[in-house]
Amino acid sequence: MALTAPPPNSEPPRAIPSGAGRGRTVPRAVPPAVHHVLFCVALPCLAVSAEHGQLTGEGIEGFYQSGRRLLSRCRLRIAGREPLSVQGRLVAADRARFLAVVRTPDDPGPDPEIHVERVRDADGTERITLHSSARRVRRFPVEISFGTDLAELAAIGAGRAGPGVPAAVHPAGLRWSAPGGGSAVVTASPGPHDTLASAGLLRWEVELGPGAAHTIELRIRSGRPVRPTGRTGGNPLPEAAAEGDDPRVGALFAASLGDLRGLLVRGPDGPADLHLAAGVPWRCGPPAAEALWAARMALPLGTRLAAGTLRTVARGQFTGRGRDFGRLPGPLRDAGPHLPPSCGGVEATLAFPVVLAEARRWGLPESELAELLPVAERCLHWLRAALDGGELLGEPGPTGPQRVETQAHAHRAALLGADLLDACGRPGADGWREWAGALRVRFAETFWIDDRAGGRPAAARLHDGRLLPYPSGSSAHLLDTGLLGEGRAAPGLLDRERTEQLAGVLGSPTLDSGWGLRGLGAREPGHNPFGHRAGAVRVHETAVAVAGLAMAGHEKEAVSLLRGVLDAAEAFGHRLPEMYAGERRTAGGAPVPHPAACRPAAVTAAAGIQLLTALVGVRPDAPGGTVALYPFRSAPLGAVRLSGLRVAGEPFSLRVSRLGLGMVEEAADGLQLGGGDG
């Protein structure tokens, strides 16, 4: 599925980087608002609807397939009038249900006798069922008007949808064809009594007896074959579940798992060739860093998704001669008000060895490890070349800044890469551990800002040595050190004292909004509560902070952020967007949506899984035949049970009591409980 539209950032137009990150400022298309619509997702298919259920042709509404809008208008009229909407909601990641009533002059009193249920599926089907509560036979016309522009989603996002396409009669329906080659067909069962192509109208005469129902099923299709959706066959995600004293545990887990399934994209090489799209509607293009981070956070659901994602990303690795040898591709991304855009390819390159190493700990088969190891080695080769003998890693170019999160990613890649090299009998592990040690010293000398409050890490170091002193959510990545054998966390860039200081910064009102972790401190220059990296709450970064704080033993701060995200999830119907406004939480308030945020988004859905598995503290070592549990001691959500996870390729279930004690209920034969609680 092609890249569909510009990234959903709400900031003013920014400079397009050239060379050292400077360039001319060009206007950026403003994508339509999407926070108020319902997305049914089963990629490459989408159905986008307002809560009233009518497809009006406005904004982004419609049925989509492979990035093209097949249908933009689907308006229902019963007895000459539009139904009165009473409810519209998602019932699954790929389906929405709309309820409406019909008021007519024939109603004997104030209570409507006809109500309508519409069930809309991402795969291009819709069932419209009319129910009668009348005591007598009711007869009335039912009309549905259709229309489409056959526009690409990228054009819609840029405000260039184009004019409508005229309809033609098709057996039991209508069809549309555009000069550019796009086409669509809608068919109805039962077939209509009348078809008026010039108006795009299908019409039925319906008779409903007392208590009777009548269903019309619509099917929307393109005129060309489509690769099967990720949810059909070979699904790499198990039927896992969560439950607990707090009902939000099960709801968030189920919604997150459903969204991950909906975002699965199937590649050309068969059922195992699956990866996650970054987010709907704007980022369904080739996988990059987000797909890798999402696969990593979803490892408790098994290693098949990680293996498919790693293979897909590996296809784009640069293998020609030059400084780019070993780097993975990735787009430039906005980095907030104080830094030039960052290179997503750098992040993906540093993520690859980490995902592969941790997938091994969760039980990745040796054959897949052997297949992917050369790619990880080339990633490490690129890192060594990019360092050019130094310790700190900057963005490409002579004046590229050295970001705090990039140092954390590089340090983690070195240590977990060394772990991989050792495990596979490959040379170079000691050299990477030595470099990681040097980076720790250099980072401590150059990145830490001392102040009266105890200090904090800088957000970045500029090419001239100046530090950006602003507290940022990106510093949470310093606590994400990675997983080694026997359930041990890898060493981090910070010592114990500075880790404690960072925990205080992340848990302070400056960054903890009450709904999650802000990207930039609330009182800092350039703060924007809607800014993608300038103050909005980014859910996956909050999950990184929660897991890292818990692993470092700072449960109080972790619990505060966890509760904030769970409360926000409830307000969003447990389908969290990739980000929302970093407004300070107030009594009786609610999280404020970002108008252009992807929802669902892969890293956000995977973050829901990570938040709950961090709560129970699962740390596997499948090669060592052990799994450790380190649950939150305070049991902040009461008793919790997770079932159907995967460790060493087999089902894994556990529960944590109200006293914070963990117990394994189901595990692979021979897997021993080691470390943590038992």
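Modeller: Helices (H or I, at least four residues) and strands (E, at least two) are DSSP runs, numbered from the N terminus. Residues are numbered from 1 along each chain as its sequence is written. Please remember that this is a predicted model, in which local features need pLDDT of at least 70, side-chain atom pairs count only at pLDDT 80 or more and totals for chains, interfaces and linings use all residues, while side-chain values use heavy atoms, with hydrogens and water left out.

Colleague: Thanks! Where is Ala648 found?

Modeller: Let's start with its backbone: phi of Ala648 is near 60 degrees, a positive value in a residue other than glycine. Most residues other than glycine have a negative phi, and most peptide bonds are trans. Ala648 counts as partly exposed, since its relative accessibility is 32% (buried is under 20% relative accessible area, exposed over 50% and partly exposed in between, with a 1.4 Å probe and protein chains only). As for its place, Ala648 sits in the loop between β32 (640–647) and β33 (650–656).

Colleague: And what is the positive phi of Ser66?

Modeller: Ser66 belongs to the loop between β4 (62–65) and β5 (68–71), and at 25% relative accessibility it counts as partly exposed. Although Ser66 is not a glycine, its phi is positive, at about 55 degrees.

Colleague: Now the peptide bonds. Which residue does a cis peptide bond join to Ser189?

Modeller: Omega of this bond is about 0 degrees.

Colleague: What is omega for the peptide bond from Val280 to Pro281?

Modeller: Pro281 is placed in the loop between β20 (274–276) and α3 (289–297). Its bond from Val280 is cis, with omega near 10 degrees.

Colleague: How many residues of α3 are buried?

Modeller: Among the buried residues of α3 are Trp293, Arg296 and Met297. The helix is mostly covered, and its buried count is nine of nine.

Colleague: Let's look at rings. How many aromatic pairs does a search of the whole structure find?

Modeller: Rings of Phe, Tyr and Trp (its six-membered ring) pair if their centres lie within 6.5 Å; planes under 30 degrees apart are stacked, over 60 edge-to-face and the rest tilted. Searching the whole structure gives a count of three.

Colleague: What kind of pair do the rings of Trp432 and Trp435 make?

Modeller: Their centres are 5.9 Å apart and their planes stand at 85 degrees, so the pair is edge-to-face. Both residues lie in helix α8 (residues 429–446), three residues apart, about one turn of the helix. Trp432 and Trp435 are both buried. The kind you asked about is therefore edge-to-face.

Colleague: Which residue forms an aromatic pair with Phe572?

Modeller: The two rings are tilted, at 5.4 Å centre to centre and 40 degrees between the planes.

Colleague: Over which ring does the charged end of Arg384 sit?

Modeller: A charge sits over a ring if NZ of Lys or CZ of Arg is within 6 Å of the ring centre and within 35 degrees of the ring normal. Elsewhere, Arg585 lies over the face of Trp515, at 4.0 Å from the ring centre. For Arg384 the distance is 4.3 Å from the centre of the ring of Trp432.

Colleague: How many disulfides does the structure hold?

Modeller: A disulfide is a pair of cysteine sulfur atoms within 2.5 Å. The sulfur of Cys45 is 11 Å from the closest cysteine sulfur, in Cys284, too far for a bond. For Cys598, which is buried at 0% relative accessibility, the closest cysteine sulfur is also in Cys284, at 7.3 Å and too far for a bond. The number of disulfides is zero.

Colleague: Last one: where is Leu467, and in which strand does it lie?

Modeller: Leu467 is partly exposed, with a relative accessible area of 28%. Its C-alpha atom is separated by 8.5 Å from that of Thr446, 21 residues apart along the chain. The strand that holds Leu467 is β27 (residues 467–468).
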